[in-house]
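Please keep the sequence and the structure in view while reading.

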Amino acid sequence: MSTDLVRANERVDDLERNGLKIIQDPDRFCFGMDAVLLSGFADCKPDGTILDMGTGTGIIPILLSAKTPAKKIYALEIQHESADMASRSVLLNKLEDKIEIVEGDIKEASSIFSKASMDVVTCNPPYMIGQHGITNPDAPKAIARHEILCCLDDVVRNASQVLKPGGKFYMVHRPFRLAEIFSTLSRYKLEPKRMQLVYPFVDKEPNMVLIESARGGKSRLTVEKPLIVYDKPGVYTKEIYDIYGY
C-alpha cells in the first residue's frame, strides 16, 4: 500500500470485494449501509456512463466499478476534503482509468457535465429537511445528513438534465418522504420503475427505500420484495451478506 495516499487520522477499510479498499476519516463522515445497498440496487449496461452525485469519499463508484461493466464513472462532490479523499481512494485501487472524481456542486451538475450525457445517475442524498438540532451547519456530517447545500429538488432536477432519454436514476432515501419523492420525480419527467423498501428487522417499519426511475419512461412501477437487514441483532440476513459480497 502506498502510505503517501493516507493522511493523519485517516484509515483504510477493506471493502472485501475484488480487493477494493477505501480511505476514510472517522472524524468526518464514513459511508453507511445505505450507500452499499444503493450500489447493489443500481445497474448499468456495458460501455455505459455513470454519474454519482454527492459521492462523499467515493464509496458508490468504487463498489460499482466491481459490479457493473460501465465504461466510465464520474463522481461529483462539493466538499474539498471528501473529494480529495475519494481521489486518493481511486488511486489506491488503481481505478483512475475508470473513475473520475470531480469537485463541484450538485446544483450545477447539468452545467459541469453535458446535458443528456449519462446512462445512469446514482445519488445517496441528504435525507433530513431543515437544520433542527444542527450545532455546526458547516460540519461534514451535517452536510451529508441534512439538506444544507442541496435539496431533493436540486438532486432530481440535475439528474434529469444530465440523463440521456431512457437513462436510469437510482436513489436511496427515507420512506417518510416518498410522496414528495414521487411528486418531484414526476415534475422532472423521471418515471418511477422499481422500488424496494428496506426494513431493519422483519417486524419493524422500513427505514430506507431504494428507487429506480427512467427519464421519459412509461408509467409502470414494480415493487420488489422487502429487503430485511438483520435476522437478529448483529446478524445480517443472507440477502445483505450477498450484497456485501461475503
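Which are the buried residues of α1? In this predicted model, they are M33, D34, A35, V36, L37, L38, S39 and F41. Helix α1 spans residues 33–41 and is mostly covered, with 8 of its 9 residues buried.

C30 has a relative accessibility of 23%; because buried requires a value under 20% and exposed a value over 50%, C30 counts as partly exposed. C123, by contrast, has a relative accessible area of 1% and is therefore buried.

How many disulfides does a search of the whole structure find? The search returns 0. A disulfide is a covalent bond that joins the sulfur atoms of two cysteines. For C123, the nearest cysteine sulfur belongs to C150 and lies 6.7 Å away. A disulfide requires the two sulfur atoms to be within 2.5 Å, and C123 is in no disulfide.

Helix α6 covers residues 152–162 and helix α7 covers residues 178–187. The two pack at an angle of about 35°, and their axes are 9 Å apart. The crossing of α6 past α7 is right-handed. On the side of α6, the contact is made by L152, D153 and V156; on the side of α7, E180, I181, T184, L185 and R187 take part. Sorted by class, the contact of α6 with α7 comprises 4 nonpolar, 1 polar and 3 charged residues.

Key:
Residues numbered from 1 in each chain as written. Predicted model: local features only at pLDDT ≥ 70, side-chain atom pairs only at ≥ 80, totals over all residues. Heavy atoms only, no water. Buried < 20%, exposed > 50% of the residue type's maximum accessible area, 1.4 Å probe, protein only. Helix = DSSP H or I, 4+ residues; strand = E, 2+ residues; numbered from the N terminus. Axes fitted to C-alpha atoms, helices over the stretch in contact; angles between N-to-C directions. Left-handed = near helix turned anticlockwise from the far one by under 90°. Contact = heavy atoms within 4.5 Å. Nonpolar A, V, L, I, M, F, W, Y, C, P; charged D, E, K, R; others polar.
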